[in-house]
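Q: Take a close look at one part of this model for me. Start where that part begins, then follow what surrounds it, and finish with the chain as a whole.

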Amino acid sequence: MSGTLVIGCGGSGSKAVSALKSEGMPCLVINWGNDPDIDISEAVPEGSDRLNADTVSAALEASRDRIIGAMEGYSDIILVVSPGGFVSNASMGFISGCARSLGARLVMFLTLPFGFESERREAVLKTLPGYVDLADRLIISDLQYSKELIGVQVGMAVDLVDALTRVSIRILSNILGSIPFFSTFESKTYSFSRGYSDDILKSYNEASANPRFSPDLVGSKTVICTDAPMDDASAEALVSYVTNETGKVPELIQGKGEGKGVTVFVPISLRTE
């Protein structure tokens, strides 16, 4: 097996992954209607209650052969979901089981609900620690933390979420296919942030000041990914700077593209006490 498949389930995950599919990435969209690759509504009687957890679980189970068939041959799976929806919640355990049955590794990318979705958000935050065992790695993007969303109207905020999610998944997919990911990313859970500036250190500072979740600076090392290759002096300066700031030597992954953008994966703790 080789390669990475990106799977989007539920409304938010399906929307983000559909856009990535149009760019040529190997993707699979699973949802009720809205032209997904696998329409789970076809597997249940017409008129079934789509807002019922048992109905969604039954629909996924009835579609198992098609979903497994689409996942076969891939060594790594990225599942993109926004917890709190019926399809999203049911799909996390279901896709986890499918990946394990195929011997594929699973990275789960979760986009958390906005602050204005207070009831849904509270429920998701309470259940978040339970998701850890479903995947080999959990990447949490709580976009409510993002400064880009401060003072932004709801419609525009949703568009920003979609754009930031797509950027995140592109980078994650590239990294997953180019390094020994599961030894480099030694923690089980990470937050994700991006920074763009006129030099690497400024880009790092922008990213580290804008985490997508509360970082755990006493945990595992930070993983820093630059968009472009660096000269030795610049790489040494960045590693030294981050070491002094965090107390841990970071893992530095140099990209093959252009620009001075920096992606930072920071270990997080999901402790609730």
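A: At the start of α8, a side-chain oxygen of D199 comes to within 3.1 Å of the backbone nitrogen of L201. That is a polar contact: N or O atoms within 3.5 Å, where, within protein, one must be able to donate a hydrogen and the other to accept it, and residues adjacent in sequence count only if both atoms are side-chain atoms. The model is predicted, so local features need pLDDT of at least 70 and side-chain atom pairs count only at pLDDT 80 or more, while totals for chains, interfaces and linings use all residues. Residues are numbered from 1 along each chain as its sequence is written, and side-chain values use heavy atoms, with hydrogens and water left out.

Helix α8 covers residues 200–208, and its buried residues are I200, S203, Y204 and A207. Seen down the axis of α8, they fall within an arc of 100 degrees, so they line one face of the helix. The arc is that of the directions from the helix axis to the C-beta atoms. The background is simple. An α-helix has 3.6 residues a turn, so residues three or four places apart point the same way. Buried means under 20% relative accessible area, exposed over 50%, and partly exposed in between, with a 1.4 Å probe and protein chains only. Helices (H or I, at least four residues) and strands (E, at least two) are DSSP runs, numbered from the N terminus.

What covers that face? The cover of the buried residues of α8 includes β7 (189–195), β8 (223–226), α9 (232–246) and β10 (262–267). Contact here means heavy atoms within 4.5 Å.

The structure holds six aromatic pairs. In one of them, the rings of F185 and F265 have centres 5.1 Å apart and planes at 75 degrees, so the pair is edge-to-face. F185 lies in the loop between α7 (181–184) and β7, and F265 in strand β10, so this pair ties together parts 80 residues apart in sequence. F185 and F265 are both buried. F192 and F265 also pair: centres 5.2 Å apart, planes at 70 degrees, so edge-to-face. F192 lies in strand β7 and F265 in strand β10, so this pair ties together parts 73 residues apart in sequence. F192 counts as buried at 2% relative accessibility. F265 counts as buried at 0%. Ring pairs link F181, F182, F185, Y190, F192 and F265 into a cluster. Rings of Phe, Tyr and Trp (its six-membered ring) pair if their centres lie within 6.5 Å; planes under 30 degrees apart count as stacked, over 60 as edge-to-face, and the rest as tilted.

V249 sits in the loop between α9 and β9 (251–254). V249 counts as exposed, at 53% relative accessibility. Not counting residues up to four places away in sequence, V249 touches K221, V239 and T243.

In α3 (residues 64–71), I67, I68 and M71 are buried. They cover an arc of only 95 degrees around the axis, which puts them on the same side of α3. Those residues pack against β1 (4–9), β2 (27–31), β3 (38–39), α2 (53–62), β4 (76–81) and α4. G73 follows α3 and has a positive phi, near 95 degrees.

Helix α4 (residues 86–102) holds S91. S91 is buried, at a relative accessible area of 0%. Its side chain reaches the backbone oxygen of S88 at 2.8 Å. Leaving aside neighbours within four places in sequence, S91 is in contact with C9, L60, L79, V81 and S96.

Now the whole chain. The protein chain has nine helices and 10 strands. Of its 273 residues, 50% count as buried. A compact globule with 273 residues would have a radius of gyration near 19 Å, and the chain has 19 Å, which agrees. That radius is taken over C-alpha atoms, and the globule rule is 2.2 Å times the number of residues to the power 0.38. Among contacts between residues at least 6 apart in sequence, 72% join residues at least 24 apart.
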